[in-house]
Structures are given as C-alpha cells and as structure tokens.
Amino acid sequence: MVSVPVSTTINSDEVEFLCRADESLLDVLRNRLGLMGAKEGCGTGDCGACSVIMDGRIVCSCLVLGAEAEGRTIETIEGMADGNELHPLQKKFIEHAALQCGICTPGFLMAAKALLDANPDPTEEEIRFWLAGNLCRCTGYDKIVRAVADAAQEMRGKRA
Amino acid sequence: MRYERPKTTAEVTNLLAGAVGRAFVLAGGTDLLVRMKSDDFEVDLVVDIKAIPSMSEISETADGFEIGAAVPCAVLGENKALVAAWPGVVEAANLIGSTQIQGRCTIAGNLCNASPAADSVPAMVAAGAHARIASPDGAKIVAVEEIPVGPGETSLKKGEFIEAILIPKRSPRSGDAYLRFIPRTEMDIAVVGAGVRLTLDEQGGIESARVALGAVGPKVVLSEEAARAIVGSKLEEAALDALAEACSAASTPIDDKRGTVEFRKHVVGVLARRAAKLAYKRAGEN
Amino acid sequence: MVDVKLWAGLVPLADNQQTVTVEAGTVRELLRQLGDRYPGLREPIKNEVAVVMDGTIYRNDWSVELPENAEVFLIRRLAGG
Amino acid sequence: MNFDPTYRSQKFRSVGTRPRRPDGIDKVTGRARYGADFNMPGQLVGRILRSPHAHARIVRIDTARAEAVKGVKAIVTASDLPDLTNGNQSLFNILDNCMARSKVLYDGHAVAAVAAIDANAAKQALKLIEVEYEVLPHVVDVDAAMLPDAPLIDKTLFTGGVEPTPETPSNVALRSEFGHGDIESGFAQADIVVERSYRTEQTHQGYIEPHACVASCNSDGTAELWVCTQGHFVFRQTCADLLGLDVSKLRVTSSEIGGGFGGKTHVWVEPVALALSRKAGRPVKLVMSREEVFRASGPTSATSIDVKIGARKDGTITAAAANLRYTNGPYADIWAELGAMTSFACYDLENVKTVGFEVLVNRPKVAAYRAPSAPMAAFAVESTIDELAQELGMDPVEFRIQNAASEGTKSSYGPVYGPIGIGPTLEAAQSHPHVKAPLGPNQGRGMACGFWFNFGGQTCTDLNVNVDGTVTLAVGTVDVGGSRASLSLIAAEELGIAYEDVKAVVADTATLGYNDMTDGSRGTFSSSMATISAARNAIGVMRHRAALQWDIPVEDVTWEDGNAKASGEKYGNLSPLSIKEIAAASGNTGGPIAGHSEMVADGAGVSFATHICDVEVDPETGSTRIVRYTVIQDAGKAVHPAYVEGQYQGGAAQGIGWALNEEYIYGEDGRLQNPGFLDYRIPVCSDLPMIDTQILEIPNPNHPYGVRGVGETSIVPPLAAIANAISNAVGIRMTHIPMSPPRILAALNRERNQ
C-alpha cells in the first residue's frame, strides 16, 4: 500500500497529512488529525453522523477518500464556533433540547449549517427533507426541526 | 490499493487498460466506497477522474446536454436549463440518497453501478439519453439502456469508462417525469420506479412515448407495449389502465427484502399512470 | 400475619401453595421465613424475586416494614430498557 | 441517613424549569467523548470473526496462519476464555454469546477475535482464521421453533413452568402464567367476543453509536475499561465474573453514550476486548461495525400472540385472555413473561389469564428494548380492544375509561394498584383537541394505551460543596438523555442555590459506590432521590458548620433558601450565612463539606400513557404517512420538562418505526438480509410530523418531589395506535407488524377481491 500525501484546508487551517490510499476522510479526521467530532454511525453513508462540508457541500466523510481532500476546503464541527462564540445553530440546539444522547448532533449541525447557507428561510418540509440523511434515534426530530427553524429566524434577523 | 488522479481522459483509459487486478473509476464514490467497506471486496486501483475539468461540467450543445461523469446530482438540480428541459431526469437524479449523497453521487456512477433499482436510469432511458464511452481506442456513443446488462454487470470492457452522459434536446410539446416508490419518504432504494417521456401532437394527443421501469427486472425495462398503450391517446382512463397493465406485464420482479413480486407488479402500474399524467401535463405546457 | 402470594413459577417450589401465610414484620423476615419453610425458594429469593407491597414494587429494599394487612406479592425481578 | 422518600407538596424554584444542559457545549462542538473517541498509548485494533451460519457445530478453529500476519499481537477464541460450562448458567450464556464455545447459534455469532497494530493487519488476519463448521438445521421463526420436529437449539433444554416437566427437549424454555378469576365463565357472560392472532417482527434499538470500548489489562491483574454502556458498574461486575478479575482492580469508565434504549445493558464485545488485551499485553480498542451491531448485539423479540376478549353490551369486559410466544434468541430468558405480565395491565378485569412461552431460535440473543416486551403485547391487546369497541358501537376512549384500572384494582399480573395514572391520561385524551380535529380523505384516527413498570434500584451519589460555594455532584447512573441537567436542578432545588452553581458528572467505578444501570426508566428517578438525600446530608453538615461559626447549638440552626439561619429571638442580630460563606470558612470549621448517599431507590411506581395518532394511507400503494401524533403520559413531576417531552417524542418515534417499517429479515439460509440502516428502515426526519406531548403530573407518593420514570412507556402504545388508525382509515385490521406497504397493499387487494 502506497501512502498518499495530501495538502488540504480544514477549518481555515492549512493541513498536510499522509494517508493510505483506501482510507476514508472520516478515518483521517478521527485517527490522524484528532478531529473526532465526526462520528461513524454506519460507515455506509446512511446515518449522516460523519457529515462535513467539503467545498461548500455537505458530504458523508465516510464516503470520501482522505486522498480526495487534496486541494479542497473542509469544514468540520470543530470549526463551527468562532472561538468561544457558538454558532446560532449550536446555541439553539442546546436551548431547544434538540439533543439527547448527542452522537448525531455534530452531523446534524453541519447539515443544518449547509442548509441555512443555501437557504436562509427554509420551510418545515424543506428542513425535514434536507436533514433526512441524518438519523436521530432519541428525539423523534421534533426539537431538532424547531431548533433549526429558530436559528434560521435569528440569523435572518441579524442579516437584516 | 493504488489511488491515481490523472489530468486527462487518455491517462484514465491507459491506467484502466493497464491495471493489474481490479480497477475502479472514482467519481462520487457513494457506491464504490460502500463496497470498499466490506472485508470481501478487493480493489487494486482507484482512478479519480475529478481532476479532469470536463468531467465536472454540464454543457449545452446543439444536440442537447452533455453532463460530465463526475457532476454531482445536486449540481443537476441547480442547472436551470436542464431542469426546465428534463425535469424528470433531474428529479430522478435528485432522489438518490440524502443531501450528503447528492453532493457526491453522479448519474454516470448510478448507471455504472448497474443496480436494477437505480433511480436515474429509467428517467435517462425514457429521455433517450446516451453515454459517451472513452477507451484507449477512442470514444463511442451508446444508448444508456445498453450499459447495464444485469445486476452489478455492465457492458463496459476493460479500459473503457463513461466520460459523459448525453441527453438530447427536448423536442417541442414534450415532457418527462420519474416517480419511484419507497417505504419511507427518503433514504431508501427504489422498490419500483417508472420514467415516462411523452411528445404530443398539436391536438394534444400522444405522438410518441418512452416508458422505462426500474427494480422490476434484472436491469431497466424499456417497454414498447407500455408506450404503445398510450400513443394516440390523450391519457383517457382506458389508456391509463392499458398502460398500467402493460407495465405490470412487462415486469419480472423478485421477492426480496425491499418488496414482493405482487407488490412490485401492482405498484409499477400505479407509478406509470402517475408519471404519465405528470409528463403529459408538462408536455402540454411546453 | 401476612399472606404472601407467589408468582406461578414459584408455586411448585412451595409445595404447590399459591399463598403462604407467614409472621413477619419486614420484607427480610418474610423472605427468610419463606426460605426456611421451603428451601427450594432460597435460590430464587437470592436474585430472582421482587416484592410487591400494596402495589409498589420493591426490587432491593428488604428493610421495608410490612404494614398490617398489607397485600404482599412475590413477582419476578424484572429489567427494563 | 434516615432518609424519608415520602412525597411532600412544595413550590419549586428550579425543578420544572428548562435550563441548558451542562454537557451541551461539549456535545455541539464535537468535544464530547463517546465510546470510540478515546485512545490509549500503544493501543491495538480489535476485530471479531463472526459465523456465516445460523446454526453449526464448530469442528475446528486454526489460527496459525492468522497469527503469522505481521502486526498481529493476539488471537482469542473460546479456548482462551474461562470454561464456565459447569458453572452458573446465566454467566455461561453471557460468555458463550460473546464467543461461541462449541456451536454457533446465529448468523453473526462470534468465533474468534484478533488484536493487531492496525485495522489492515486485523482484517488480513480475520481472513486467515480457518473455521471448520458442521452446519446444522436452523430455525428462526417463533411458531416453527415450537413445532415438535423443529431443529433443536439446545438438546438439554426441557420446558420449565409445566408440571410434570416434559420428557423430551424442545425449544420452549419456559411457560409462565398470570391472571385471576375464571375466564371460561367470564367468556360465557360476554355478549361479544373478539379473538385474533397477531405477529410482530424483530426490531433493534437502533442507537446511532455502535458498541465501542478500549480495554487495558496489566500483568498485575489491574485493568481499565472505557466503554459506552448504560451501566458501568454492572459491566464491571459481569466482566470480572466472566474473566476472573477482582472487582476492585477493574476500573470501568462510562463514556458519553450515543443511545442505548436497553441495548447497552448487556456486554457484547467488552469481555473479548479485555481478553485480547490480557493476552497481548497492550490496550485494545474494539469498535463494532454497524453490520455487527445488527447481527450480533441484542434486538428485541419477534412474537406471535393470540388474544381473546369478551364484553357485555353495556361495555363491561367480562374476560380477557392472551397466549404469547416470544423469541429469545438462542438463550433462555423471560421476555414472554414480561409480555404476559404487561398485556392487560391497563384494565380492571374480573377474569383474566395470560400465558407466555419463551422460545429459542437461531437469532441473536434478545436484549431489553425500551419497556421490553410490552409494545408487542399492547399491540395485540389494544388492537383487540379497539375492534371490540367498534363491535359494541362504543367510542374507543370511552370503552377504555369504562374498563380502566384504578387505585385498588387487582392488576392482571397480580398485585393491587396504588394510585395510578391510566384514567387521567384517558380523560386527557378525551378532552384533547386532537380527537375532535377533522380528518381528510384516506385518513384515519386511532388511539391506544400503554403500561410499563418502571424501576428504582441501587444508587450511590456524592455531593461536594466546594470552597467557593459551588457544588459538584457525582452520580453513578449513566446519562443517556440529559439526566445531568435534571439532577443538577434537583441539587439546586434542595440546597436552595442556582442551577448554574451545580456541576454534575458521571463518576467511574473506582470513585463511587455501586449503582444499578440506567434502565427501567430509573436514571432520573433513582439518582434524584439519592441526590436529594445527599443534599440533605450536606445541609446537615452545613448547619453544623454554621453553628460552629456562630457558636450556638446546631438545633437552633435552620436551612432556608440556600442559607443557614439562626432561629429564635435571641439570635435576632445574626444575619444568615450563605453556602458561599459557610464553604469559604470550611477549612477552619472541620474541613471539606460533602453529602453522600447510598440507598435502594424503590417505589418507582408503574406508568401509563395514552397516544392518539392520525394516518393517511395511499390505497394504491399501501403507503402510510403519520399525519398527526399526540402523546399523553404521567411524569409524576417533570424535573426538566424539555427532556421529558424528548423522552415522549423519542419513544413515539421508535414505536412509529416499529409499526411501519422496521424488521429483521432473514433469508432461507438463516442469515440476516438487512444488517444496515439502508434496509433496516428507522424513521427519518421527513417521515414524521411534530409530535405533540401533554405531560400529566400525578405525584409519585414514594419520591420526595413526586417524580416517576418517564423513559420507556412512550414506546408501548404506538404500534396499536397506528394499527387502529390504519383500520379506521381503510377498514382493514392489520395483524402483522410492521405494517409495511406490501403488507397493507396485499390486505387491501384481498379485501377488494372478496
């Protein structure tokens, strides 16, 4: 197995790493870079717990090769807050009790951020369908949907 | 395993042609990486085609649309001209997987994965789409329905790969639609799928039609009987009944974890009716 | 005196008695007496029984006092999710 | 120490509010560490080889070639583990499930494990372990397994609970029976009798975090285990028992846990990880794949249930009977017994009889799943009740109210009820706007009730008052759904301080006394009781310290609103001492201030819920959409109402998935066909509507604040509520769960062709 050298940008930092050719981006983030916020719930792209944003699009990092990160821009949950200032979505998830066990939360937050980046004023239906690739087994999604809608409203208010 | 990211199509075909062991093209990776998770799956070479600029482009030509093999399905949905011309193809492509998958998966990959349940394939077949195949000997153009030959099997030979999907220019008074059935509202593989393209005459009668069905046979089913059932009609109830019946008759599904023979044969007709109505309405608006 | 009702699984271990009358002030005394009278009950009493007193289930607390005329039931110790 | 748990009515300041959870920021920033998020120096990667057969004798295992793989440090098979064959049966079963000894009993049963320097070496080694199997006939269906000629899973198993014990072995491990009265005479008094048979398929808890642990054994017999579990103290005991370790030398730390729902109350890979570490002399990290979770952790039972209920025209139920057959997997347990106990628990019945059969099959060992065994029984009973109401021409809520159990009712499982909440939830349902809302085309409405026991159990808690007057609360019940927030509220309430001044943590097994698991809806119930006790003990200490500071008798010091007060005229000039002041002086008044509690938190009190559901069925495809859903449940006292609502909503969502799509699908070869989230279809966000909740607060007399467990009951009613709604929508009674589109469409087509 030949290792692949990769130069990439993660959470605005330039990062270089060597990875195995068959290694997923998720494994690189977790095992080589210490970014363990993305979780492996299934490894097959069915649960969304490993969601990260790559070049502006939400993807399952378990279905991206580490080698593919070359020259890309990647955002993970560790870069969502601005220092100690939480992103409005992070605040609203806590306020609305939109997490119970919390294992799906990083993936939901990344997916919700990608949604609000693309659509600042989503309907409940748009939120639900956009987030359908993120499984949550604890909440029944009710409070998650409310938190995203509330964060969207707050962020629109700030923009205005 | 080796990972290569060539810059030209020729390099891709040479790598594939010269590969020792099992070689795969990587575009979106949403099927390939899932298979790589299995302990039983061995891969020796992965050729990532995304460094070739044309692979990630949609271009509108005199003949229609040319969609690079690495264009993510989400990008299809963002292309206004394509959505306006072929809403059925785009909707089918946008049904694949989640938002996360949409950002990566491609219709070329959906086709090459050769699953009988692939969502975009019946829609592409109904639209009369073709694939441009690159090989060390040059390019050739093949109808989409000729690519899959059975579950997981394609007609592509060693050294060949699909570099673009070609969708024809939509003729006047035409419309397309694709509908699928899944148990949940998202995230499932189609239990049944039906794609329909119609062209109307000036009186609103159906002049020509293509009806393609998914997940009801070992590969996509292009049913001429189903098309004949509605050609010449204005989708009156009798024509719709005949369509549904023809679709059920054309289906040779299996019982599996996703559905039963009885269910698939029934619902394929239901979906074909609904898709035909939608395509008819769209054709009337064009 | 307290009437202790046994769940069906215990009945064969208690000479086929469904109800056993014992003189006891606490759950512990009650269980000890049952074990003395029917040695077959000793093993299940160790970790398989819970005591229901006037409708409230006690899985562990054997120091609970038995009120006069309390309804006492031995049921199987159950687990939840 | 003389803690009085009796409920006392009071006005709350903290309890009942909705503050931010203490672990919130860690969980929204990705910093919270779950099972797979922990590493140790020199750690190896563990992997498990699993059986591809549903039932087979292990003839030979040869690990030589695997051991030769570069980077492989240890391989473990059953021969490396203690042989418990002639010991305690339940421990034998647990270990045999972790690593098959002589036979593999289900697809996915572990046969060997590898520890290697990386995943690649481990994967290569797994492929090189040679296992020779003698494949045996298998059985996965519950009714088929009961037939006389069914393949036998355990030839030494003779049905218990029947007299005399049968002379031939079978797959039926145990018969259990509950009830009272005379059902034959009861049915004779009935004007209408409804009798039906039902089936439910096997489902999985579906927690998003796969099982994961890091085990580290040292040569001196000490060991550490980092693991996602619902009960680290129980895991410590079990692993020590299985592997012959000293309990005190095995330190277990519970990670943040990514869902459990009962599935993380049992050990699966943890003893294997410890054994690998012991053999390799290095730490081993073992993480299950999603496929392994489905194939080889502990789903719930598949069932086959017959129900018969009779009633008079006036709506009085005269007799009720149920016969319940539950799969147990390959090891005997009491899952049908739980179903038999809970099935008619909502009703006041003169004549009732339930019989349960524990059936062994070649499927994974069944584990607890949220109110284990109750949802299937409730599906069968509540469907029959609904049909009976229909035949009587009665409103289904009214019919249930007429027959509902209440204080003094002799329960179907034996004891007489104290104050219970089934009646109030039904009355709340009756007056809920949901039941009067108009329905659209192809829509139907259903409702159903549910019961669960709830448990308390052994609990130990430490409360430390720091020198700045803030409080650290160490609890031993794992926080699966926000209990650290609830327990901080409780501590704040009892001490009279601000919620923000309390920090709750889950302590490891070396730093706190034994605690039972977070199961049976007991986390907040038990630990809140222990926290109140610990807080009262700390208040006792602080009153004493204040007395010292003031130089007055401790009897003259009272505790009010977070302050020590000198009571009586003579101390009129003494201003109250706050916790901060007492804590600041603690170094000179006797040292650290703390309150501890060790107790059995019993008296959890049974729990009831009523659910209302609207569905829309596509008559052409059999597809069902949940249009509206309402949960009404008694919480006793909702400590943190947002997380109580969360439990109600989450349980309902799991029940909806169970009702409509989730199921284990086995092939003819006895192998699981759908071991992944793609084809084991749990509800996604777009499948569900908002789930409305109504929290009733009928105080539990056995808890100082009136708290009841709330975690489990909400999964009990949905199966029946949805089945009843579908019946109302399309006029067909669905008797097979899940009510997937193919099943509904087949039923509709059968009806149309009649």
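# A walk through the four-chain model

Let's start at one residue: Tyr680(D) is found in the loop between H17 and S26 of chain D. Helices (H or I, at least four residues) and strands (E, at least two) are DSSP runs, numbered from the N terminus. This is a predicted model, where local features need pLDDT of at least 70, side-chain atom pairs count only at pLDDT 80 or more, and totals for chains, interfaces and linings use all residues. Residues are numbered from 1 along each chain as its sequence is written, while chains are lettered from A and ligands numbered from 1 in the order in which they are written.

Is Tyr680(D) buried or exposed? Tyr680(D) counts as buried because it has 25 C-beta neighbours inside 10 Å. The cut-offs go like this: a residue is buried if 20 or more other C-beta atoms lie within 10 Å of its own, exposed if 12 or fewer, and partly exposed in between, with C-beta atoms placed from the backbone. Leaving out residues up to four places away in sequence, Tyr680(D) touches His204(D), Phe294(D), Glu662(D) and Asn674(D). Touching, or being in contact, means that the C-beta atoms of two residues, placed from the backbone, lie within 7 Å. Between Tyr680(D) and Met146(D) there are 534 residues in sequence and 27 Å in space, C-alpha to C-alpha.

## How the chains meet

Four pairs of chains are in contact, and chains A and D share the most contacts. Here 41 residues of chain D meet 43 residues of chain A. On the chain D side, helix H1 (24-28) and helix H17 (641-660) each supply at least two residues, with H17(D) giving the largest share, seven residues. Chain A also meets chain B, through 26 residues of chain A and 22 residues of chain B. Strand S4 (57-60) and helix H4 (124-130) of chain A give two or more residues each to that side of chain A, and the largest share, four residues, comes from S4(A).

Not every pair meets. No contact joins chain A and chain C, whose closest C-alpha atoms lie 14 Å apart, and chains B and C do not touch either, with their nearest C-alpha atoms 26 Å apart.

## Sheets in chain D

Chain D has an open sheet of seven strands with mixed pairing, in the order S3-S5-S1-S12-S9-S10-S11. Two strands pair if DSSP finds at least two bridges between them. Strand S3 (72-76) and strand S11 (250-254) are the edges, each pairing on one side only. Within the sheet, S1(D) (residues 44-50) and S12(D) (residues 284-287) run parallel, joined by three bridges, and Leu44(D) stands opposite Val284(D) in S12(D).

Elsewhere in chain D, strand S18 (residues 471-475) runs parallel to S19(D), with five bridges between them. One bridge partner pair is Ala474(D) and Val505(D). Strand S19 (residues 502-506) has a covered face, made of Val502(D), Ala504(D) and Val506(D), and an uncovered one with Lys503(D) and Val505(D). In a regular strand the side chains alternate between the two faces of the sheet.

## Two helices with buried residues

Helix H10 (residues 335-342) of chain D has eight of its eight residues buried, so it is largely enclosed by the rest of the structure. Its cover includes strand S5 (72-76) of chain C, together with S7, S14, S15, H11 and S16 of chain D.

In helix H13 (residues 422-430) of chain D, the buried residues are Ile422(D), Thr425(D), Leu426(D) and Ala429(D). Seen down the axis of H13(D), these fall within an arc of 100° (taken from the directions from the helix axis to the C-beta atoms), so they line one face of the helix. Among the elements covering them are helix H12 (396-403) and strand S24 (607-617) of chain D.

Most residues other than glycine have a negative phi, and most peptide bonds are trans. Yet the peptide bond from Glu163(D) to Pro164(D) is cis, with omega near -10°, and another cis bond joins Ile737(D) and Pro738(D), with omega about 5°. Asn442(D), in the loop between H13 and S16 of chain D, has a positive phi near 60°.
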